[in-house]
Amino acid sequence: MFQATRRRLAIWYTAVTAVLLLVFATGVYLYVRSTLIERVDDTLNHVVEVVVRSLVIDSAGAADRKYRVNIEASFRDNEDTVEDDRIDLEWFSPTGELLWSTFLTPLNVPIHANRTGETVRVFRGTENQRVREKVAQSRVPTLLRQVTERVQMGRQVLGYLRVSHPWFEVTKPSRQLILDLSLGISVMVISVAAIGWLLSGLAMEPVRESYQRLKQFTSDASHELRSPIAMIQTNVQVALADPDRSSEQHRQQLKVVERLTKRLGRLVDDLLFLARQDSGILQPSFSLCPLDALLIEVIEEQQLVASEKGIELSLDVVTASSSTFEETEEDFFTLQGDWDRLARLFTNLIGNALQYTPTEGKVDVELQRIIRRSNHPQLQVKVTDTGIGIPEDALPHIFDRFYRVDPARTRGTATGSGLGLAIAAAIVENHHGHIRIESTLNQGTIVTITLPQYRVETS
């Protein structure tokens with residue numbers, strides 16, 4: 001699926017680029033061709049002006065004011081010049097009869113007085129005068145660009161001057177330009193195809209990673225849901241299969257079902273929270289939140305669990321003697337945050353510390369204010385335990401959803417869903433904070449949460 005999508009992206013990218021290059025090359029070709037034609041026409045018109053000015057006009061009769069062009073005197077000096085410029089001249093009588101030409105063979109092209117220039121196709125023989133008696137005349141198609149000027153004295157038409165230029169002066173560079181543009185477009189299309197394949201691969205990589213995470217998430221969620229559902233079904237089937245059991249046995253089975261349904265409810269709540277978090281539907285409700293009061297409340301809630309396991313749970317609030325701005329003592333640990341989410345964050349972290357700390361262990365929670373980067377105050381909370389620790393190779397994956405370090409860590413305890421730290425990381429991210437975990441195997445773990453503190457204005 002990903003390869004097919006990547007291939008389609010690369011093909012579309014290459015096709016669009018090829019069309020754009022083709023349009024650009026067509027524009028360049030038309031512009032260059034029109035420029036070449038204009039240059040040839042300008043040259044022909046210039047030759048016409050020069051030749052017309054050099055014509056020697058004689059008077060045929062003074063009484064009737066008739067004039068004629070002296071052909072020998074007029075074109076004797078122009079023949080060599082126009083030959084060097086690959087320009088041919090033709091002089092026609094007023095009736096259209098060819099009187100003089102630089103062509104060896106008449107073109108047999110009708111006269112059309114046209115100063116804008118026209119392209120004509122003629123068939124004529126080989127023009128090498130030295131070998132024309134030895135070589136058979138072969139009819140070769142030739143394209144010429146021609147300008148025809150009607151020469152007159154007053155109202156009397158003296159004749160027609162036609163100037164011709166080989167069309168290959170336009171076609172030859174045009175063909176070379178087509179070849180160069182084709183080669184350039186081919187190289188560019190191949191390069192774009194290769195680059196498009198690489199870019200489509202880079203574009204598809206986040207999609208592939210998201211798909212893999214979604215696939216893993218779905219698989220893990222299905223596994224987590226399947227186990228308690230199967231246990232609920234088993235307990236219900238056993239209870240229904242033996243109606244003669246005592247009420248105490250039924251009560252125990254119902255307690256198991258209740259415990260499993262609570263576990264399912266927590267799992268569904270966690271999944272729903274993460275789904276809403278990813279989609280952006282669940283927006284935090286920020287307000288003034290005293291973090292010291294929140295931690296005191298969370299510690300009080302977790303004291304019962306700590307007492308049952310024989311773990312010492314303590315809270316240490318570190319206060320500084322000076323402050324960067326005037327504020328009341330109550331506002332010293334106050335930040336803009338969502339009380340419910342922050343309570344869930346620290347409940348998860350302290351609950352994990354208690355769960356993985358053995359009896360007679362210790363869990364310390366420390367709150368202090370730190371100043372970093374341009375004197376912006378931050379609140380830092382450290383949760384330190386003397387538990388079993390986390391292997392070093394597992395630390396990079398500790399915030400992955402449904403990730404568990406070792407099944408032996410939860411043996412004999414109420415297992416979680418593997419979403420607690422993922423939810424904690426999401427809550428910290430929502431508050432523009434940072435979470436870091438340091439751990440040493442069989443010695444303990446330190447979780448450090450840093451949250452930015454916005455200045456609280458006092459009235």
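Contact here means heavy atoms within 4.5 Å. I apply that to a predicted model.

**Entry 1: Leu291**

I looked up what Leu291 touches, leaving aside its neighbours within four places in sequence. The list reads Phe333, Leu335, Phe346, Leu367, Leu379, Val381 and Leu451. Leu291 belongs to the largest nonpolar core, which has 42 residues. Leu291, Leu345, Phe346 and Ile449 have the most contacts inside that core.

**Entry 2: Who builds the core**

Which elements each supply at least two residues of this core? I found α5 (247–279), α6 (291–309), α7 (339–355), β11 (362–372), β12, α8, β13 and β14. The most comes from α7, with eight residues. I also noted a second, separate core of 21 residues. Leu36, Val69, Trp100 and Leu161 are among its members. In soluble globular proteins, nonpolar side chains tend to be buried together.

**Entry 3: Strand β14**

I went to β14, residues 444–452, next. Is this strand mostly covered or mostly open? It is mostly covered, with eight of its nine residues buried. Two partners turned up. With β12 (residues 376–385), β14 pairs in the antiparallel sense over eight bridges. Leu379 has Leu451 of β14 as its bridge partner. Both residues are also on the contact list of Leu291. With β13 (residues 434–440), the pairing is again antiparallel, and I count seven bridges. There Ile435 stands opposite Ile449 of β14. I had already met Ile449 among the core residues with the most contacts.

**Entry 4: The hairpin**

How many residues lie between the strands in the hairpin of β13 and β14? There are three. In this hairpin I checked phi and found Asn442 positive, near 65°.

**Entry 5: Helix α8**

I then took α8, residues 420–430. Eight of its 11 residues are buried, so I log this helix as mostly covered, with buried meaning under 20% relative accessible area. The buried set is Leu421, Ala422, Ile423, Ala424, Ala426, Ile427, Val428 and Asn430. Just after α8, His432 has a positive phi of about 60°.

**Entry 6: Whole chain**

The chain has eight helices and 14 strands. Of its 459 residues, 36% are buried. Among contacts with a separation of 6 or more, 66% join residues 24 or more positions apart.

Technical notes: Residues are numbered from 1 along each chain as its sequence is written. This is a predicted model: local features need pLDDT of at least 70, side-chain atom pairs count only at pLDDT 80 or more; totals for chains, interfaces and linings use all residues. Side-chain values use heavy atoms; hydrogens and water are left out. Buried means under 20% relative accessible area, exposed over 50%, partly exposed in between (1.4 Å probe, protein chains only). Helices (H or I, at least four residues) and strands (E, at least two) are DSSP runs, numbered from the N terminus. Two strands pair if DSSP finds at least two bridges between them. A nonpolar core is a set of buried Ala, Val, Leu, Ile, Met, Phe, Trp, Tyr and Cys residues joined through side-chain atoms within 4.5 Å.
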